[in-house]
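Student: Hi! Could you walk me through this one while I look at it?

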Amino acid sequence: MDPVQKLVFLQGGEVVRYGLLVSTIPLDLLLGMTLALSDKTSCSAKPLKKQAVRIMSFGVRGEPEADFHWAYYPQREIPFLRVSIPSFFAADVAPGGYHLIQAEVTDPQANLMEVERKLHDAGILNSSKQVVFRHLAELAYAYPLPTIGLESERRAVLEELESLGIYSMGRFGAGFIKMPTNASLRAGI
Ligand SMILES: Cc1cc2nc3c(=O)[nH]c(=O)nc-3n(C[C@H](O)[C@H](O)[C@H](O)COP(=O)(O)OP(=O)(O)OC[C@H]3O[C@@H](n4cnc5c(N)ncnc54)[C@H](O)[C@@H]3O)c2cc1C
């Protein structure tokens, strides 16, 4: 991005001119792709601390065994920190007669089959229920982690970006840490 000429150079070769730019790209990555920043801001472009998460999704025949929308699992022997049943939020996430279960996995060693076994152990999957679909998505930027001194450094960087007409929004931008979905949407508006 060239904030002086107000141009964004896209990977496919397209060049887009802008007036004001709202970005949801994580702030550390945004700084790395922006030209003409002061040395102070460029030097503070350290990687943000974050927790990566792997989302393991299972499509299951029949009705859900569990009766919760989501539940947390703090036990060490369980490789996921939270399980959600998106079918309770919106039936259309799975075809009729099936439902979807999603586990947020932080254990880097755990694979789909092990997580499926643990879902059985936790009573979320029943052995009579057939899993017909398994999917893995890796999120490098899942949960922001606060570090000492980050807040003041970040404020100076955001001010410089805003002076150039760039608004870094969202969970890994201006709203680092304290930003659920509704707050992210409100910030964008
Ligand atoms: C596993 C998980 C579970 C969550 N559960 C909940 C919950 O139950 N309730 C709740 O309120 N919140 C929840 N959240 C938080 C919620 O997802 C975020 O707060 C919200 O999505 C933040 O919105 P955002 O616009 O900042 O980021 P995102 O929704 O992540 O949007 C960022 C966008 O920027 C795009 N992008 C990033 N880098 C680039 C790039 N280099 N070039 C182009 N585009 C790029 C991405 O593709 C993405 O579309 C959860 C988050 C995670 C990870």
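Predicted model: local features only at pLDDT ≥ 70, side-chain atom pairs only at ≥ 80, totals over all residues.

Student: Great. Which domains does the protein chain have?

Tutor: The domain assignment gives domain 1 (18-49 + 145-187) and domain 2 (51-142).

Student: And how far apart are the C-alpha centres of domain 1 and domain 2?

Tutor: The two centres lie 32 Å apart.

Student: On to the ligand. How many residues surround it, and which are the closest?

Tutor: The ligand is surrounded by 13 residues, and the closest are G170, R171, P180, T181 and S184. Two elements give two or more residues to that shell, β8 (131-144) and α5 (181-188).

Student: Which domains does the shell draw at least three residues from?

Tutor: Domain 1 and domain 2 each supply at least three residues to the shell.

Student: You mentioned α5. Where does G188 lie, and is it buried or exposed?

Tutor: G188 is in helix α5. It counts as exposed because 12 other C-beta atoms lie within 10 Å, and the cut-off for exposed is 12 or fewer.

Student: Leaving aside its neighbours within four places in sequence, which residues is G188 in contact with?

Tutor: Those contacts of G188 are V22 and M169. As for A90, which is 98 residues from G188 along the chain, the C-alpha atoms of the two are separated by 24 Å.

Student: Switching to strands. What does β7 pair with?

Tutor: Strand β7 (residues 98-105) runs antiparallel to β6, with four bridges joining them. Strand β4 (residues 50-61) is also antiparallel to β7, and eight bridges join that pair.

Student: Which residue is the bridge partner of S57 in β7?

Tutor: That would be Q102.

Student: And which residue in β7 does V83 stand opposite?

Tutor: V83 faces A103 there. V83 belongs to β6 and is also the bridge partner of A71.

Student: So what joins β5 to β6?

Tutor: Three bridges do, between strand β5 (residues 70-72) and strand β6 (residues 80-84), and the two run antiparallel.

Student: Back to β7: why is it largely enclosed by the rest of the structure?

Tutor: Seven of its eight residues are buried, so β7 is largely enclosed by the rest of the structure.

Student: Now a helix check. Why does the span of α4 agree with what you'd expect?

Tutor: Helix α4 (residues 150-163) has 14 residues, so at 1.5 Å a residue it should span 20 Å, and its end C-alpha atoms are 20 Å apart. Just after α4, G165 has a positive phi of about 80°.

Student: Positive phi in a glycine, okay. What about A36, a residue other than glycine?

Tutor: A36 has a positive phi too, near 60°. Its place is the loop between α1 (27-32) and α2 (39-43). With 11 C-beta neighbours inside 10 Å, A36 falls under the limit of 12 or fewer, so it counts as exposed.

Student: Last one: what is phi of K6, and where is its place?

Tutor: Phi of K6 is near 55°, a positive value, and K6 is in the segment before β1 (7-9).

Student: Why is K6 partly exposed?

Tutor: K6 has 16 other C-beta atoms within 10 Å. Buried needs 20 or more and exposed 12 or fewer, so K6 comes out in between, as partly exposed.

Terms used:
Residues numbered from 1 in each chain as written. Near = placed C-beta within 6 Å. Domains from an automatic or database assignment. Pairing = 2+ DSSP bridges. Expected span 1.5 Å × (residues − 1). Contact = placed C-beta atoms within 7 Å.
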